[in-house]
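Please keep the structure open while reading.

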Amino acid sequence: MTCGICSGSLTGQAIFTAECSHHFHFGCISKNFTNGIRLLVCPLCPPPANPVSSTNVYHSPSSQSRQSRDWFHTARQSFPRRNSPPRRVLEQEPLRFSDDEPLPTTTADFTSPPSRRVNIKAVPERSAVAASDSVHPFTVLVGLKVPSLSTVACSSQRAPIDLVTVLDVSGSMYGKKLSLLKRAIHFVIDNLGPSDRLSIVSFSSQARRIFRLTRMTDTGRYDAKLAVDSLSADGGTDIVEGLKKGSQVLEERRHENPVTSIIFLSDGNDTCNDQSTRRGSSNSGQAPPEYLNLLPPAIFPGNRGPQDHVETVPVHSFGFGSDHDPITMHVISDASGGTFSFIESYETVQDAFASCIGGLLSVVAQGVRLSLRSASRGVEISSISSGRYANEISYRGSKGVVDIVDLYADEEKEFLINLSVVPAEETERKTTLLDIDCSYTDVVPKEVIQIECRPVRIHRPKSLSFSDTTVNLEVDRQRNRLRAAESIAEAQQMAEAGNLIGARTLLAKRRTDLRASAAAQAGDDLSIRLETDMEETEMRMGSQQQYRRVGRAYSLSVKSSHSSQRKTSRGNTVRGADYETPSIANMVRKSRLLSIKNETGSEEE
């Protein structure tokens, strides 16, 4: 610990500690009072500003009045200069967060890009079913593929975002963790555009909005970084209040960008709300806590009442280290349509955030709905394997829908539709199984688009050839994905019950089964990565201590990834390949290059 004035060591010296937690030699601070000026603020902190002039908790120098700057200069001129980031001045928050910065006015020469057409495909598991056969289930893969964003579109014509970061600054974040978090948020700030808006909420025993929803212009970025640098770690962990505050920022804003999201990071369990009762379980610890019923319906739809008509805001949760509550964080993300990532190694937090915003900054479609209709007599939809995406079957299996929150550029989603197929009519040579269409909103031109897929048909010969019985590899690989996700979820439940041997045995057997599948035998990349996920999960279930420390969070982050078909960070690295789009890969690459540059610069110094 060093003095804030002379930078000398405080060991063995008389110390003065200001209310803002800055520390000084008593001699240094007392000598500088001889100029006759009674200081009202810490010499390293900005002066208290006129409360009317700003509604941010952090009051940036760029918005201070000339009078307050002159007063501060007079009061501080006798202190030696020291490179230290400005500290925030805590002001009373407004009653409502309707102080968001207005969106930029669209210029007359702005031209919207042409609508991007999502491609839709349908692949039956086999090309033929014998005319006399009745098959249940018969699986059809339905897939969506989003086109790429051009370089120009990525920089100037993508959909802008309103992003709120909800950051844990409890006492356990002190030191290296908080420093790495600040660097990661700086990276996020640097990669948002002037039409994007950012707000920062911090929480410990209490929650505060330290930066209002502001456009990331040059000035906005500068002020946002000052707000981030002002963060200090202290107190307990009130997850509920942090998320309430983040949701309030979005609910009470006057203006709205097309894309909205919350990034939520915590390194600990909630210490301010009752965790003694967890939903669905009294002693196993595998159910989320009852305090989730305190969360606003915008981020936890299960709390909606009959009069609540708010849109759901995706919460992308990041469990930081080995002491957070992965079950609670996963439940919140899953319910809101976000993802859960496990940052096992502190140093990967910037890469994890980069992966997340790489997707958020490439959203091209929202409100995506996949509609399915039976196209022939006797063809019924029996079930839809859609992971965490909501589906519904109606009219006795003749109709079905799958609802998807949004789609990133270059993203693919594939679902398995399980049908019942009856014997063919005597003159029937082909059976049309499904009619399929998809509707969505293209977020840039704000145009509602509807596309249709070619009808799905199969042959109905009297007898089958060998090729007719061969299972399509695309269908098989998706079955592998679903089986792997189910296996990890089942093993996790066994581990929660204390049966680690059974959990490891289950995963080992399912890995053997996966290796024997047609897709894995053909060298399918996804199948190989799924086997690796099961093996990594199994390795983290060696003991109850290891499972509680890393195994639970790792398995839930894998589950989040495969159920949403979207990239999550887990383990000690932010690895690529799994659902990684070019936009995500480019952002992670940018993060790693910056880290290498920073490390090189530190070594040279």
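The notes below are grouped by topic.

This is a predicted model, in which local features need pLDDT of at least 70, side-chain atom pairs count only at pLDDT 80 or more, and totals for chains, interfaces and linings use all residues. Residues are numbered from 1 along each chain as its sequence is written, and side-chain values use heavy atoms, with hydrogens and water left out.

**Sheet**
- β5 (residues 161–168) and β8 (residues 259–266) pair (at least two DSSP bridges) in the parallel sense over seven bridges.
- In this region, Thr165 stands opposite Ile263 in β8.

**Helix pair**
- Helix α4 (residues 176–190) and helix α5 (residues 218–229) pack at about 170°, with axes 10 Å apart; helices are DSSP H or I runs of at least four residues, and axes are lines fitted to C-alpha atoms over the stretch in contact, with angles from 0 to 180 degrees between N-to-C directions.
- α4 and α5 are therefore roughly antiparallel (over 145 degrees).
- Contact (heavy atoms within 4.5 Å) involves residues including Ile185 and Ile189 of α4 and Ala224 and Val228 of α5.

**Glu531**
- Glu531 lies in helix α12 (residues 525–539).
- Beyond neighbours within four places in sequence, Glu531 contacts Arg511, Leu514 and Arg515.

Terms used
Parallel < 35°, antiparallel > 145°, perpendicular 65-115°, else oblique.
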